[in-house]
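Dear colleague,

Please find below the structure for your review. My notes on it follow directly after the display, and I would be grateful if you would read them with the model open.

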Amino acid sequence: RTNLCHWATTEANINGQFLLDYLDRFCFQLKRRTFLVLDNASVHCSKAFRERMRFWQERGLFIFFLPPYSPHLNIAETLWRKLKKEWLSPEDYLSKETLFYAVNRCMANVGGYLPIKFSSFNAN
């Protein structure tokens, strides 16, 4: 909600092993308790993923799963919509290199040059 963004790009398919490796590295960068909100994609529900959750919690990374069929609650859906429809231009898709560059440029600017207002929640 503070527009702090962490990401990874790859040419490979995003599969369970990619996610496990990324979260293993990510949890060692944490300075305070961090909560990661995930949907119920199959890679998030695998046996290997669930077995790693205790390790990540010990490192301060806590996983929270959204209810099934709730894309309206998934912040990543807003991010991807803005990335694809507002921030990337058709020229960015001309080559793999230009697309990687453009995606990395956009993701590095989330919260700065490219702010996202996810909600206007009022606690009153």
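Leaving aside neighbours within four places in sequence, Cys-27 is in contact (heavy atoms within 4.5 Å) with Phe-55, Trp-56, Arg-59 and Leu-61. Cys-27 lies in helix 1; helices (H or I, at least four residues) and strands (E, at least two) are DSSP runs, numbered from the N terminus. The residue is buried, with a relative accessible area of 0%. Here buried means under 20% relative accessible area, exposed over 50%, and partly exposed in between, with a 1.4 Å probe and protein chains only. Cys-27 and Trp-56 are 29 residues apart along the chain, yet their C-alpha atoms are separated by 6.3 Å.

Please note the basis of these values. This is a predicted model, in which local features need pLDDT of at least 70 and side-chain atom pairs count only at pLDDT 80 or more, while totals for chains, interfaces and linings use all residues. Residues are numbered from 1 along each chain as its sequence is written, and side-chain values use heavy atoms, with hydrogens and water left out.

As to the overall arrangement, the protein has four helices and two strands, which follow the pattern α-β-α-β-α-α along the sequence. Of its 124 residues, 28% are buried. Among contacts between residues at least 6 apart in sequence, 66% join residues at least 24 apart.

Helix 1 contributes Leu-19, Leu-20, Leu-23, Asp-24 and Cys-27 to the contact, and helix 2 contributes Ala-48, Phe-49, Arg-52, Phe-55 and Trp-56. By class, the contact of helix 1 with helix 2 has eight nonpolar, no polar and two charged residues. In this scheme Ala, Val, Leu, Ile, Met, Phe, Trp, Tyr, Cys and Pro count as nonpolar, Asp, Glu, Lys and Arg as charged, and the others, Gly among them, as polar.

Phe-49, Met-53 and Trp-56 are buried. They lie on the same side of helix 2 because they cover an arc of only 80 degrees around the axis, the arc being that of the directions from the helix axis to the C-beta atoms. Lys-47, Glu-51, Arg-54 and Glu-58, on the other side, are exposed. The buried residues of helix 2 pack against helix 1 (16-27), strand 1 (34-38) and strand 2 (61-65). Just after helix 2, Gly-60 takes a positive phi of about 100 degrees.

Leu-79, Trp-80, Leu-83 and Trp-87 in helix 3 meet Arg-105, Cys-106 and Met-107 in helix 4. The residues of this contact divide into six nonpolar, no polar and one charged.

Ala-8 is in the segment before helix 1 and is partly exposed, with a relative accessible area of 37%. Beyond its neighbours within four places in sequence, Ala-8 is in contact with Phe-18 and Tyr-22. Asn-109, in the segment after helix 4, is partly exposed as well, with a relative accessible area of 28%. The C-alpha atoms of Asn-109 and Leu-4 are separated by 9.5 Å, although the two residues are 105 residues apart along the chain.

Yours sincerely
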